[in-house]
Amino acid sequence: MLWRMLPVDLRSDTVTRPSPGMREAMARAEVGDDWYGEDPTVNRLQEEAAALLGKEAGLFVPSGTMANQIALRVLCRHGDDVLVGQESHIQWYENGAAGALAGVQLSVIGRGGLFSAEEVALACKSDDQICPPTRLVCVENTHNRSGGRVWPREQLFAVCDAARRLGLALHLDGARLWNAAVACGASPAELAAPFDTVAVSLSKGLGAPVGSLLLGQRDLIRSARRYRQMYGGGMRQAGVLAAAGLYALHHNRARLVEDHDNAAFLASRLAAHPGVDLQPVQTNILMLDLRPPLPEAHVVVEALKGRGVLVSAFGARRIRVVTHLDVDRAACAYAAAAFDAVLGGA
Ligand code: TLP
């Protein structure tokens, strides 16, 4: 029944609601005070996630932003230089926290979120009297603003090798590492292996209401715990939330392939419109550019909203559409038809 699936919310994979099974797991969670390290469910989540990503230890944090910011803090000193890809989340969407909280400078390299080993070497500044010493390279996989782009494995490992040869640390913003792993048939541990710290999200794509994890060596995670406290992210009976995270890891990773198939389906329908330029769709994110005479993004967003379909304007002529576990193929077909009506009638 149509009314049941409206609105079709494709603004982000963060908009999911906890499923009955997840709520049940949350209600049953065994809890304790995590400030004392005594919440058994938080401890289990941290251990399981660390094992899944091939790291020694993990820290449960409220958000992906906090996970990234703690990583910058533990891996860098004030005044350091950090290499990031174009339009990375750390640069675009964290309210300048890299400068304000970690006190580092971000140098943007490459194109479309990806960069090469040569670009790392060229941008790496020496620790002399005048240059900010380059300390860290951050990789975002999948890359959000370039349309859920997956780093090709050879390029990823070549970049990490180059960084190591230059003595640089490595952080992975793997908010959607689960999608990257499914898309390239690798294990999350394989894609996380070269990195000192890895941030993964439970509330994007996996359906948990809150939560990210920062994983790495035990000593790094020990100091990360201090910064989590400093940033106001220390929690108490957080096992209720960790239970949702465990449920998400156990039940919602393999099914991401459905989100990728739904994104491919939407891409095939939207690409048929003259005036729509689509970036290649590899995972669950579509970025489409609207060429004139099609109207600007905000006009299309409003018109779609009027038909019960929510998407985001990501620029004057750019729209982002994200599939996730709360939109099935029928909902995507409805959204495609709404795009047909709005763009066809433009
Ligand atoms: N991304 C959100 C918005 O902030 C843009 C979204 O809707 O896609 N890294 C990446 C690659 C992300 O896409 C996000 C969230 C984060 C980190 C931050 O996670 P949260 O929202 O938990 O702080």
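The expected span of a helix is 1.5 Å times one less than its number of residues. With that rule in hand, and remembering that the model shown here is predicted, we can begin with helix α11, which covers residues 218-230.

Which residues of α11 are buried? They are Leu 220, Ile 221, Ala 224 and Arg 228, and because they cover an arc of only 90° around the axis, they are placed on the same side of α11. Just after the helix comes Gly 232, which takes a positive phi of about 80°.

We now turn to a sheet. Four strands form an open sheet in the order β9-β10-β13-β12, with antiparallel pairing, and its edge strands, β9 (276-278) and β12 (312-315), each pair on one side only. From one strand to the next, the twist averages 35°. Helix α13, made of residues 256-270, packs on this sheet, where it touches β9, β10 and β13, and its direction makes about 15° with that of β10. Within the sheet, β10 (residues 285-290) and β13 (residues 318-322) run antiparallel and are joined by five bridges; Asp 289, for instance, has Arg 318 of β13 as its bridge partner.

The interior can be described next. In soluble globular proteins, nonpolar side chains tend to be buried together. The largest nonpolar core in this model has 49 residues, of which Phe 60 and Leu 177 touch the most other members, while helix α12 (residues 239-251) gives the most to this core, with six residues. A second, separate core holds 29 residues, among them Val 8, Leu 266, Val 276 and Val 309.

A last stop is Thr 142, found in the loop between β5 (134-140) and α8 (153-165). Is Thr 142 buried or exposed? Buried means under 20% relative accessible area, and Thr 142, with a relative accessible area of 2%, is therefore buried. Leaving aside its neighbours within four places in sequence, Thr 142 is in contact with residues including Arg 149, Leu 177, Asn 179 and Thr 283.

Technical notes
Residues are numbered from 1 along each chain as its sequence is written. This is a predicted model: local features need pLDDT of at least 70, side-chain atom pairs count only at pLDDT 80 or more; totals for chains, interfaces and linings use all residues. Side-chain values use heavy atoms; hydrogens and water are left out. Two strands pair if DSSP finds at least two bridges between them. Helices (H or I, at least four residues) and strands (E, at least two) are DSSP runs, numbered from the N terminus. Axes are lines fitted to C-alpha atoms, for helices over the stretch in contact, and angles run from 0 to 180 degrees between N-to-C directions. Contact means heavy atoms within 4.5 Å. A nonpolar core is a set of buried Ala, Val, Leu, Ile, Met, Phe, Trp, Tyr and Cys residues joined through side-chain atoms within 4.5 Å. Buried means under 20% relative accessible area, exposed over 50%, partly exposed in between (1.4 Å probe, protein chains only). The arc is that of the directions from the helix axis to the C-beta atoms.
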